[in-house]
Amino acid sequence: MQEQLVNLTKKEEKKEAEIKNKEAQKTKIVDSFFEQIILLAAFTSAAIIVIIYIFIIQKSWHVFSVNGFRALIESGFDKQIFHSFNKTKDVDVWKFGFLGLIAGSFCTTIGSLIITTPVGIGAAIAICELSPKRLRSTLMTFVRYLASVPSVIYGLIGLMAVIPFIRLFITEDLQNRYIDRFQITGKSMLAGIIVLSVMIMPLITSLTIDALRSISLTYKEASLALGLSNWRTIKRVLLPLSKSGIITGVILATGTAIGEAIAMSMVIGGKGNIPNPADGFVGFLTPVLTLASAIINKSETLTSESTSSALFACGVILMIACSALSIASKVVHHIMNRRLNGDG
Amino acid sequence: MRIRLLCFHVITVMLITGIYAAALVVKNNGAIRVEFDGDEVSDIQPDESNGILMASAKGICDEMGATFYYDKIENNIRIVSSDTTVETLLNENRVDVNHGKMIEMPAACYQDGKEVMFPVEFLVKVLGGEARYDSSSKTLDIRYFSKLKGNLKIGGVNTFLNVIQRSLDTLKNMNPDIDVTLVGGGSSSAVSGCIDGSYDIAIISRNLTADEAQYNKELKTYKTAKEGIAVIVNPSNNLQNITHLDAYNMFSGKEKSWNKIKGFESNGHQKPIFVNIHEAGSGTLGMFFDVGIRAFDERGDFADTAMPNASNGLVRQAVAMEPLALGIVGFSYIDNSVKALKINGHEPDEESVKSKNWPYINDINVISRNEAKGIVAKYINFMHSVKGRRIIKEEGLINIDDYYADERLK
């Protein structure tokens, strides 16, 4: 009797084990299936980048092959694209020079970084270390929210508030003095820098905050216990430890600043001038044009072969700049980590 | 007394009704009522002779959106709509349709005073419409725009968007079955949409560029309307009138100061001119470049300092904000925030454009893939018809049929 019972239970156990086995196999198949799909998705997204590169380089090839390296060191894009579109006999329709646009992108980006980096890092320190504890999460939410405001809103504010404000400082005498070279109307590099600074500051701030918060408390406590003041702790311990995060943030912000198009094209004037350092402060009032906003502003000319090729060339320069920046951020991250680990 | 008053009243009432009825009968007897797409029209007044209705060809063409042309010297008659060309000679009873197909007319066309008379029903049919004459009620029922089927996708330039929308609304009211989509934007996006097939027609505010025409031979241009372009300044500017040459000097950057423009009263200060133009690719800018700059100097160009703006609205806004600014916008964009200058003493209005005294006139063209036919042709014809012209006029643009008809006949 007992043997039978034992046999029965054994049989049941066997059955159960078989069922479990089958189920396990099933889940295994399903799992591997989804794994494959996800892998495929990953490959697709990598392929998309490559395809984009091939596509825009192929579209812009003619411009680069005709102009060669000169494309990067000659200016006058505005006129070239207008004449190339409204073809007349005496115009070389394939001649383009992007120096004005590169200068515009460079100046606005660097200008805004110079303002934003100290302010953004300072804001992060203030939020993380100096503000009362209850306020911290609220402030952080606000900073993050600032990053999610659509760029066109920043453009509108720039157009309606920043430019009239800049105008307050412009005199007729100044306008007269520079009319041979450019119009001083307020739509200028300065407006672009201000708008861009507000746009990229939350990026730097929130990445710095993340870096500061990821530092283990022991470092801070050790430093305070050794008798360093709060300020010295921040300067000597916390900032060096979060360096890699901060630099990544700055590089990402640079990428955003270079690629920003809509808000920029609303405030910078849209004329591919190269700001002259000899002008001093007035140089900031030069209307400029950036690579990204050139694509937006001149998109009406996309139907023509040569002009669309030129706009794609702007895209290629932008893509290369942004790719270089993201590679740079990876490299910086890597180097910093290794150095930290080596020290530790 | 009371009975007498009653009788008087009754007689009066009867008299009035009688006269009214008689008038109706006389009216019905005298003229034939013409209904075009359900609306009674007055510019087609057919006369019946030998059982055939004859009416002024001009009136029929106006209603159907065709252009009528009678050359008195050569004696030939041309009727051009977007999908049909009819040619004949006066007093001839055969017509040549679409270059080559000869069709017999029920009666010869003839001249009556200033008008050239055609057999109505015949002409309407040749142009693609339907005409039915009911002799008992003396009503001629013509259907042309109310027999549409199919769908129509339009990419339109923003300047013309109101006109397109209103004309589509009118057509949609007459034909609830048709399916129309309208997408706004710039001229170039409309053209590229037309090339790749996302739009049936593109309505643009310029002519096709050499590139577009060369690489896309299938694109056909139908001239539709004209837009006057005005030179505008800030309202605080006291200039009223400039010459065509002044405009060239200012826009090309030869004159950089308002003080040197005749008619400008300054308070002694030098006032620089801030030129505002459109972005490359704009039809307005291309036209102004040809007429305002290159007409004076073959190698001329816009001022180096000229600031580009993405649209007519933004040019107006830039000029409204800047006391020293100068710009160009379409007539329909002129409002109180800016001041439009007279050119050579001519006001910036429809009259100057009609009298051909206005230098800056932009073309608004309908571009279709391949020759227009079916609903596309009907739509283009509608823009030329009496109803379409009214819409164009009310939106501040100028239809080409009355003053530039020769351009359509080419």
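# A walk through chains A and B

Gly113(B) sits in the loop that links β10 (110–112) to β11 (115–119) of chain B. The model is a predicted one. Gly113(B) counts as exposed because its relative accessible area is 61%, and the cut-off for exposed is over 50%. Now look back along the chain to Ile103(B). Ile103(B) and Gly113(B) are separated by 10 residues in sequence, and their C-alpha atoms lie 26 Å apart in space.

Step back to chain B as a whole. Chain B contains 13 helices and 25 strands. Along the principal axes, its C-alpha atoms fill a box of roughly 90 × 70 × 45 Å. Of the 410 residues in chain B, 53% are buried. The accessible surface of chain B is about 18,800 Å². Carbon and sulfur atoms account for 51% of that surface. Contacts across the sequence are worth a look too. Take the contacts in chain B between residues at least 6 apart in sequence: 64% of them join residues at least 24 apart.

Helix α2 of chain B, residues 57–64, gives a local view of burial. This helix is mostly covered, with seven of its eight residues buried. The buried residues are Ala57(B), Gly59(B), Ile60(B), Cys61(B), Asp62(B), Glu63(B) and Met64(B).

Thr301(A) lies in the loop between α13 (291–297) and α14 (305–343) of chain A. What does Thr301(A) touch, leaving aside neighbours within four places in sequence? In chain A, its contacts are Ile81(A), Phe85(A), Thr307(A), Ser308(A) and Leu311(A). In chain B, Thr301(A) is in contact with Ala280(B) and Gly281(B).

Next come two helix pairs in chain A. Start with α4, residues 99–130, and α11, residues 243–259. Their axes come within 10 Å and cross at roughly 145°. The crossing of α4(A) with α11(A) is right-handed. On the α4(A) side, the meeting residues are Thr109(A), Ser112(A), Leu113(A), Thr117(A) and Ile121(A). Facing them in α11(A) are Ile246(A), Val250(A), Thr254(A), Ala257(A) and Ile258(A). By class, this contact has six nonpolar, four polar and no charged residues.

The second pair is α9, residues 217–225, with α10, residues 230–241. These two helices of chain A pack at an angle of about 145°, and their axes are 10 Å apart. Here α9(A) passes α10(A) in a right-handed crossing. Tyr219(A), Lys220(A), Ser223(A) and Leu224(A) are the contact residues of α9(A). They meet Asn230(A), Thr233(A), Val237(A), Leu238(A) and Leu241(A) of α10(A). This contact has five nonpolar, three polar and one charged residues.

Finish with the cysteines. How many disulfides does the structure hold over all chains? The count is zero. A disulfide calls for sulfur atoms within 2.5 Å. Cys322(A) is partly exposed, with a relative accessible area of 29%. Cys128(A), in turn, is buried, at a relative accessible area of 9%.

Conventions
Residues are numbered from 1 along each chain as its sequence is written. Chains are lettered from A and ligands numbered from 1 in the order in which they are written. This is a predicted model: local features need pLDDT of at least 70, side-chain atom pairs count only at pLDDT 80 or more; totals for chains, interfaces and linings use all residues. Side-chain values use heavy atoms; hydrogens and water are left out. Axes are lines fitted to C-alpha atoms, for helices over the stretch in contact, and angles run from 0 to 180 degrees between N-to-C directions. Helices (H or I, at least four residues) and strands (E, at least two) are DSSP runs, numbered from the N terminus. A crossing is left-handed if the near helix is turned anticlockwise from the far one by less than a right angle, and right-handed if clockwise. Contact means heavy atoms within 4.5 Å. Ala, Val, Leu, Ile, Met, Phe, Trp, Tyr, Cys and Pro count as nonpolar, Asp, Glu, Lys and Arg as charged, and the others, Gly among them, as polar. Buried means under 20% relative accessible area, exposed over 50%, partly exposed in between (1.4 Å probe, protein chains only). Accessible areas come from the Shrake-Rupley method with a 1.4 Å probe; for residues, only the protein chains shown count as cover.
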